[in-house]
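Q: Can you walk me through this one? I'd like the quick version first, then some details.

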Amino acid sequence: MELKDFLETDDFYNLSNDAKLLYLYLLAYKNTDNLVYCSELICDVLHVNGEEFS
């Protein structure tokens, strides 16, 4: 499924606004191997210290 197709589904629209924002941040920061290295920006948005990603 293409990203734009997912963004137009009920599954995406039913997410909370915070979850939608997180999803888009993670997509923006992923590398070519689809790995996301947690940046301080993402942690600040989530109000977490990074342990939650382990």
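A: Start with pLDDT: it is the predictor's confidence in each residue, from 0 to 100. You need it here, as this is a predicted model.

Q: OK, what is the mean pLDDT of the protein chain?
A: The mean is 79. Of the residues in the chain, 87% reach 70 or more.

Q: Which elements have the lowest and the highest mean pLDDT?
A: Helix α4, residues 40-46, has the lowest, at 77. Helix α2, residues 10-13, has the highest, at 90.

Q: Got it. How many helices and strands are there?
A: There are four helices and zero strands. Along the sequence the pattern reads α-α-α-α.

Q: How much of the chain is buried?
A: Of its 54 residues, 13% count as buried. The accessible surface comes to about 4,500 Å². Carbon and sulfur atoms account for 51% of that surface.

Q: What about contacts between residues at least 6 apart in sequence?
A: Among those, 9% join residues at least 24 apart.

Q: Switching topic. How many aromatic pairs are there?
A: The structure has five. One of them is Phe-6 with Phe-12, an edge-to-face pair. Their centres are 5.7 Å apart, with 70° between the planes.

Q: Why does that count as edge-to-face?
A: Because the cut-off for edge-to-face is over 60 degrees between the planes, and this pair has 70°.

Q: Is Phe-12 buried or exposed?
A: Phe-12 is buried, with a relative accessible area of 7%.

Q: Which residues do ring pairs link into a cluster?
A: Phe-6, Phe-12, Tyr-13 and Tyr-23.

Q: Now the surface. Which residues make the nonpolar patch?
A: Tyr-29, Val-36 and Leu-41 make a patch of about 230 Å². Leu-41 sits in helix α4. Leu-41 counts as partly exposed, at 37% relative accessibility.

Q: Last one. What is the phi of Asn-34?
A: Phi is near 65° there, a positive value in a residue other than glycine.

Q: Where is Asn-34, and is it buried or exposed?
A: Asn-34 lies in the loop between α3 (17-29) and α4. Asn-34 is exposed, with a relative accessible area of 53%.

Methods
Residues are numbered from 1 along each chain as its sequence is written. This is a predicted model: local features need pLDDT of at least 70, side-chain atom pairs count only at pLDDT 80 or more; totals for chains, interfaces and linings use all residues. Side-chain values use heavy atoms; hydrogens and water are left out. Rings of Phe, Tyr and Trp (its six-membered ring) pair if their centres lie within 6.5 Å; planes under 30 degrees apart count as stacked, over 60 as edge-to-face and the rest as tilted. Buried means under 20% relative accessible area, exposed over 50%, partly exposed in between (1.4 Å probe, protein chains only). Helices (H or I, at least four residues) and strands (E, at least two) are DSSP runs, numbered from the N terminus. Contact means heavy atoms within 4.5 Å. Accessible areas come from the Shrake-Rupley method with a 1.4 Å probe; for residues, only the protein chains shown count as cover. Patches are made of residues with over 30% relative accessible area and no salt bridge: like charges are joined within 9 Å, nonpolar side chains (Val, Leu, Ile, Met, Phe, Trp, Tyr) within 5 Å. A salt bridge is a side-chain nitrogen of Lys or Arg within 4 Å of a carboxyl oxygen of Asp or Glu.
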